Amino acid sequence: MQRATIRTWFLIHKWTSIVCTAFLLMLCVTGLPLIFHDEIDTLTEETPHYGLPGVGSSGEAPGLKPLDEMLAKALAARPDEVPVFMAFDNAQPSMTVTTAPRADSPAADMTIQILDRSTGAATSTVDESGVMHFLLQLHTDMFLGLPGMLFLGLMGLFFVIAIVSGVVLYAPFMKKLDFGTLRTSRSRRVKWLDYHNLLGIVALAWMTVVGLTGVINALATPIFEYWQRTDLAEMTKAYDGKGAVPPELYGSIDKAMAAARKEIPGNNPQFIAFPGGAFSSKHHYAVFFQGDTPLTEGLLTAALIDAETGEFTDARGMPWYAKALALSQPLHFGDYGALPLKILWAILTLFTMIVLGSGLYLWLGKRRFGTDALVREVESGGTLVPAE
């Protein structure tokens, strides 16, 4: 590789790393406990007692209350609001009903009630004032909404570019060194340079996956808005020009669910989006069905049911860009595996924090060296370290 080429990659690695390091460290610190959010919730929250333990609210088992009855209970608790979502559990009779002043209200104005579908009782509401919710909000958008999400997505993109440029520089730097070399007897800067390179190459694949899935997750809102303007608009083309269905004219949820199940048999519904929200049209209940395997349960098929008449309109799988989003979300937090995969995710997160911290340390130390000297250090395979 020519010196000019190495210099170009060196400058790309330097500046993309400098721009994103502080934010990536924040994402690692907040993301580490989020990997274990299920386990932390289990330890910190009181275990609810269900009327029919082990019976999923997404099913049709005898003893489960009608959906219309559950919705009426939720609206009775929030009489001035309209339904936005109804979500189900495959393992327990627990379900949630989300309400808000308007169907298109921001998430901050929504209330999520948790109910037991086997007894009809409200068990609790989602507490959004705890530490885990604070960490999730900070990790997702830094409390800035969509601008915060897009900004963190841009930082993720810089992170991916820093990874690629780091790999390009790794090859010439290591050409005279054995893999895993740690020159601990040399200066502190050389020792941390070796740790930076070793942990970076060990965690390379994971950092790339988490970085890319983080970028995709940051685009969730634009992705669903695009889905509404394209695929969903095509599915509801026959309703163009019609006004929105007012909540008082909403038909039976149970009838809508029965119509959706008839068209998509064998799969469980994950949630229902009510008319006017981000996941449906102005005229339909959108019933989202999960895939039937652990890998495909995030791939949803939407069945649109006329909210006034309860008649089936159309059903389609998610477009490729929405599938990418659905697959990237659990992958980002290691949710595809059980506890062992989460522990691996946590270890690699710690590796990444060391890589980021050592990179920051090296940059601060490098400022007394010229760029040409540092490029020669890479070009020589790490043997011509400038005197300190």
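Start by selecting Phe224, Trp227, Phe288, Met318, Pro319 and Ala322, which line the second largest cavity. This is a predicted model, where local features need pLDDT of at least 70, side-chain atom pairs count only at pLDDT 80 or more, and totals for chains, interfaces and linings use all residues. Residues are numbered from 1 along each chain as its sequence is written, and side-chain values use heavy atoms, with hydrogens and water left out.

A cavity here is a set of points on a 1 Å grid over the protein atoms alone where a 1.4 Å probe fits but cannot get out, and lining residues have an atom within 4 Å of a point. The volume of this one is about 40 Å³, counted as the space filled by probe spheres set on the points. Its lining has 6 nonpolar, no polar and no charged residues.

Next, pick Tyr170, Met174, Gly180, Thr181, Asp194, Asn197 and Leu198, the lining of the largest cavity. That lining splits into 3 nonpolar, 3 polar and 1 charged residues; Tyr, Met and Leu count as nonpolar, Asp as charged, and Gly as polar. Now color helix α6 (residues 188-202), which gives the most to this lining, with 3 residues.

Last stop, the surface: show Leu146, Leu150 and Leu219, a nonpolar patch with about 210 Å² of accessible area together. Patch members have over 30% relative accessible area and no salt bridge, with nonpolar side chains joined within 5 Å. Zoom in on Leu150, found in helix α5 (residues 146-173).

Terms used. Patch = residues over 30% accessible without salt bridge, like charges linked within 9 Å, V, L, I, M, F, W, Y side chains within 5 Å. Areas by Shrake-Rupley, 256 points an atom, 1.4 Å probe, with all protein chains shown as cover. Salt bridge = Lys/Arg side-chain N within 4 Å of Asp/Glu carboxyl O. Helix = DSSP H or I, 4+ residues; strand = E, 2+ residues; numbered from the N terminus. 1 Å grid on protein atoms, 1.4 Å probe; cavity = no way out; pocket = protein on both sides within 12 Å on 5 of 7 lines; lining within 4 Å.
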